[in-house]
Amino acid sequence: MGAPLPGLEGLPVITCHPRAKINLTLEVLGLRLDGYHQVASVLQTISLQDTLILEESDDLSPRCNLASLEGEGNLAWRAASLLREVSGCPRGAAITLEKGIPPAAGLGGGSSDAAATLQGLNQFWGLGFSRERLLPLASRLGSDVPFFLYGGTALVAGRGEQVTPLPPLPSTWLVLLTPSIEIPEKTKRLYGLLRPEHFTRGEHTRRLVQALETGSALASSHVYNVFEEVAFSFFPGLEEHRRALLQAGGGQVHLAGSGPTLFALAAGQPEGEAIKERLAREGLRAYLVVTCP
Ligand code: C5P
């Protein structure tokens, strides 16, 4: 950040870095009476991040470096309005969001921004809300938002609102490949494509939790995502991206959340860098990231 504007020196500013996530497992156990799906998932934050800056302002004034995210649909702006409404706080905030996480990519960027906005404004406005009090607000904003009030490695159940922190995963390097495929309401539509034969009983998630409890390194065989059953026929061009990641050296390719981002585990940082470089040379959008405790 640059120097404060003249006259604004000394005013409080909060800067934070909401992180992206991947689902190491994502199982759907069944359909719920409320129309959502019952999930069992292990989520993990990764080093790809946005920047969120909160500054004094009389009203709520949001700004984003991506014009497409300036609108009222942005989850961070909705989080700010919701917190102000629920707390009755009369103060405002200038909220600046600089996106580093590609939007609508299956990496939870919008959800992470929303959780960081709740936590940041809670502090900025001195509300003193506990995490337990923020959780129902996070849940109202989206199924992935509660997880980001914790971050790290966590078991997620229900429709996403039940979060249990897990022992941290040993640092793992990953290469992400984010195709530029935008499909409106893709998460809702992907859930809609699932059939009972795609439902599982949480066994993949339990196996990974056991591995985490014994401190084992993450292996591709631990990773599971139900949406892989339907995503490759849903996202045009996703299969070509999968092959590109395989050819660049990604041993096994997995889908991140509801996609379309794909990822592969790397043996270490140098191998990950080499895979990412090969993809970048083909003009593809690739990132080398590491898991964050
Ligand atoms: O909660 P969120 O707004 O992120 O969910 C987007 C859509 O994904 C929902 O409208 C719903 O159709 C679907 N969904 C679901 N079960 C979940 C989470 C999301 O069916 N556990």
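Q: How many residues of the shell around the ligand are nonpolar, polar and charged?
A: First, the classes. Ala, Val, Leu, Ile, Met, Phe, Trp, Tyr, Cys and Pro count as nonpolar; Asp, Glu, Lys and Arg count as charged; the others, Gly among them, count as polar. In this structure the shell divides into 3 nonpolar, 4 polar and 2 charged residues.

Q: What should I know about the model before going on?
A: This is a predicted model: local features need pLDDT of at least 70, side-chain atom pairs count only at pLDDT 80 or more, and totals for chains, interfaces and linings use all residues. Residues are numbered from 1 along each chain as its sequence is written, and side-chain values use heavy atoms, with hydrogens and water left out.

Q: Which residues are around the ligand?
A: A residue is near a molecule or strand if one of its heavy atoms lies within 4 Å of it. Here the residues around the ligand are Y36, H37, V39, G142, S143, R159, T187, K188 and Y191.

Q: Where does the ligand sit?
A: Pockets and cavities are found on a 1 Å grid over the protein atoms alone. A cavity is a set of points where a 1.4 Å probe fits but cannot get out; a pocket is an open set with protein on both sides within 12 Å along at least five of seven lines; lining residues have an atom within 4 Å of a point. A molecule sits in a cavity or pocket if more than half of its atoms lie within 2 Å of its grid points. The ligand of this model sits in the largest pocket.

Q: Which elements give two or more residues to the shell around the ligand?
A: Elements are DSSP runs, numbered from the N terminus: helices are H or I with at least four residues, strands are E with at least two. In this case the elements are β3 (37-49) and α5 (186-193). The largest share, 3 residues, comes from α5.

Q: Is D50 buried or exposed, and what does its side chain contact?
A: Buried means under 20% relative accessible area, exposed over 50%, partly exposed in between (1.4 Å probe, protein chains only). D50 counts as buried because its relative accessibility is 0%. D50 is in the loop between β3 and β4 (51-55). Its side chain makes a 2.6 Å polar contact with the side chain of K99. The D50 side chain also reaches the backbone nitrogen of I101 at 2.8 Å.

Q: What does the side chain of K21 contact?
A: At 2% relative accessibility, K21 counts as buried. The side chains of K21 and N23 are joined by a polar contact of 2.7 Å. K21 also reaches the backbone oxygen of G106 with its side chain, at 3.2 Å.

Q: Which backbone angles deserve a look?
A: Start with omega. The peptide bond between G259 and P260 is cis, with omega about 5°. P260 lies in the loop between β11 (254-255) and β12 (262-266). Now phi. A104, a residue other than glycine, has a positive phi near 50°. A104 is in the loop between β6 (93-98) and α2 (109-124), and is exposed with a relative accessible area of 51%. E185 is not a glycine either, yet its phi is positive, about 55°. E185 lies in the loop between β9 (173-177) and α5, and is exposed at 56%.

Note on methods
Polar contact = N/O pair within 3.5 Å; in protein donor to acceptor, adjacent residues only side chain to side chain.
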